[in-house]
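Colleague: I am new to this structure and would like to learn how to read it. Please show it first, then take the features in turn.

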Amino acid sequence: MSLHHTRPDTPEAALQSVVHFFEHLQPSDVAHLAHFYTADAQFKDPFNEVKGISAIELIFGHMFEALEAPRFVITQQVQNGAQCFVTWDFFFSVPRMDKGAMQTIRGATHFVLREEAGVWRVAVHRDYWDAAEELYEKLPVVGSLMRWLKKRANS
């Protein structure tokens, strides 16, 4: 992947750089997160809550170790200055799950950008997706329990 080496000098340019980065993310790119995130960036998703580039790098590095062919497709973007919201489809497979069939998680990310020395980067990355619906219900034993609980809650 070719990283954007231009300095994102506007929030709009920063968001486009981040979107491009995630849509083309490869294992070797994880080491370049500092081009897109502030040193003290915060990251939160249904499983993690960390602060700092090295902690965020570990999360994305683990993603490539645990999953086969993970990739993001950004489906929509909304931006108001430093506040950005993107929706995405995340595709991956797990050899031990559903015979390695391709899985999809649909979610959204709220990015808060911050300018430092004329360069805009991500200061806050918060992922929103329903772990119960998108992941747990697809697991053999846990999935049965989750579907039963959902049915009971809806009746």
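Modeller: Start with the elements: helices (H or I, at least four residues) and strands (E, at least two) are DSSP runs, numbered from the N terminus. From the N terminus on, the order here is α-β-β-α-β-β-β-β-α-α, which comes to four helices and six strands. This is a predicted model, in which local features need pLDDT of at least 70 and side-chain atom pairs count only at pLDDT 80 or more, while totals for chains, interfaces and linings use all residues. Residues are numbered from 1 along each chain as its sequence is written, and side-chain values use heavy atoms, with hydrogens and water left out.

Colleague: In which order do the strands lie in the sheet?

Modeller: Two strands pair if DSSP finds at least two bridges between them. The six strands form an open sheet with mixed pairing, in the order S2-S1-S6-S5-S4-S3. Strand S2 (49-51) and S3 stand at the edges with a single partner strand each, so one side of each has no neighbour in the sheet. On average, neighbouring strands are turned by 20° against each other, direction ignored. S1 and S6 pair in the parallel sense, over four bridges. Lys 44 stands opposite Arg 126 in S6.

Colleague: Which strands does H1 touch?

Modeller: Contact means heavy atoms within 4.5 Å. Axes are lines fitted to C-alpha atoms, for helices over the stretch in contact, and angles run from 0 to 180 degrees between N-to-C directions. H1 packs on the sheet and touches S1, S3, S4, S5 and S6, its direction making about 160° with that of S3. H2 lies across S1, S2, S3, S4 and S6, at about 55° to S1.

Colleague: How many residues does the largest nonpolar core have?

Modeller: In soluble globular proteins, nonpolar side chains tend to be buried together. Buried means under 20% relative accessible area, exposed over 50%, partly exposed in between (1.4 Å probe, protein chains only). A nonpolar core is a set of buried Ala, Val, Leu, Ile, Met, Phe, Trp, Tyr and Cys residues joined through side-chain atoms within 4.5 Å. The largest one here has 35 residues, and those with the most contacts inside it include Phe 22, Met 63 and Trp 88. Among the elements that each supply at least two residues of this core are helix H1 (11-23), helix H2 (53-66) and strand S5 (103-116). Leaving aside neighbours within four places in sequence, Met 63 is in contact with Leu 25, Pro 70, Phe 72 and Phe 90. Of the 155 residues in the protein, 41% are buried.

Colleague: How many salt bridges does the structure hold?

Modeller: Side chains of opposite charge can pair when their charged atoms come close. A salt bridge is a side-chain nitrogen of Lys or Arg within 4 Å of a carboxyl oxygen of Asp or Glu. The structure holds four. In one of them, Arg 114 meets Asp 40 (2.5 Å, N to O). Arg 114 lies in strand S5 and Asp 40 in strand S1, so this pair ties together parts that are 74 residues apart in sequence. Arg 114 is partly exposed at 29% relative accessible area, and Asp 40 is partly exposed at 34%.

Colleague: Where do Asp 89 and Arg 106 lie?

Modeller: The side chains of Asp 89 and Arg 106 meet in a salt bridge (3.6 Å, N to O). Asp 89 is in strand S4 and Arg 106 in strand S5, so the pair ties together parts that are 17 residues apart in sequence. Asp 89 counts as buried, at 16% relative accessibility.
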